[in-house]
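Hello,

Here is the structure we talked about. Please open it and keep it beside this email as you read.

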Amino acid sequence: MTIYNKLIRDRIPEIIQESEGECVVEVLTEQDYLKELQRKSQEELNEYLAASNSNEAIEELADLLEVIYGLTKCHGFSIEDLERVRQHKADKKGVFDKKLFLVEVRKKE
């Protein structure tokens, strides 16, 4: 028996039952779900940062995006709301395409 105590994707119990046997799951409260999504976001970010190639990186980015979608819904917003806010910020402040790195800001004289 292996103890995991972590948030999992919805189909994981089905997959476990088909291949390995039984598993024990609990349905979280909204408060605990938010906390576990936050923890999962850190886990997925760390896995992305540890990726050793682009194929691993894209897999971890997809996992991170799924967690972000879950967090978005937890906060009462839709994926469309998230995209609207992202687009607004992109229009107002730009994106990261130019690879700009701010070194310092000097005051005007």
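What volume does the largest pocket have? The volume is about 1,500 Å³. Lys6, Leu7, Ile8, Arg9 and Val25 are the closest to the pocket's centre, out of 36 lining residues. Helices α1, α2 and α3 are the elements that each give two or more residues to this lining. By class, the lining has 18 nonpolar, five polar and 13 charged residues.

Some terms first. A pocket is an open set of points on a 1 Å grid over the protein atoms alone, where a 1.4 Å probe fits, with protein on both sides within 12 Å along at least five of seven lines; lining residues have an atom within 4 Å of a point. The volume is the space filled by probe spheres set on the points, which are joined across faces, edges and corners. Nonpolar means Ala, Val, Leu, Ile, Met, Phe, Trp, Tyr, Cys and Pro; charged means Asp, Glu, Lys and Arg; the others, Gly among them, are polar. Helices are DSSP runs (H or I, at least four residues), numbered from the N terminus.

This is a predicted model, where local features need pLDDT of at least 70, side-chain atom pairs need pLDDT 80 or more, and totals for chains, interfaces and linings use all residues. Numbering starts from 1 along each chain as its sequence is written, and side-chain values use heavy atoms, without hydrogens and water.

Now the salt bridges (a side-chain nitrogen of Lys or Arg within 4 Å of a carboxyl oxygen of Asp or Glu). The whole structure has nine. Lys6, Lys40, Glu43 and Glu44 are linked in a network of them. Within it, glutamate 43 meets lysine 40 at 3.3 Å, N to O. Both lie in α2, three residues apart, about one turn of the helix. Lysine 40 is buried, at 13% relative accessible area, while glutamate 43 is partly exposed at 23%. The cut-offs are under 20% for buried, over 50% for exposed and partly exposed in between (1.4 Å probe, protein chains only).

Helix α4 holds another pair, arginine 86 and glutamate 83, also three residues apart. Their closest N and O atoms are 2.7 Å apart. Arginine 86 is partly exposed at 40%, and glutamate 83 is partly exposed at 38%.

Last, the backbone. Most residues other than glycine have a negative phi. Asparagine 5 has a positive phi of about 50°. Asparagine 5 sits in the segment before α1 and is exposed at 69%. Lysine 99 also has a positive phi, near 60°. Lysine 99 lies after α4 and is exposed at 75%.

Best wishes
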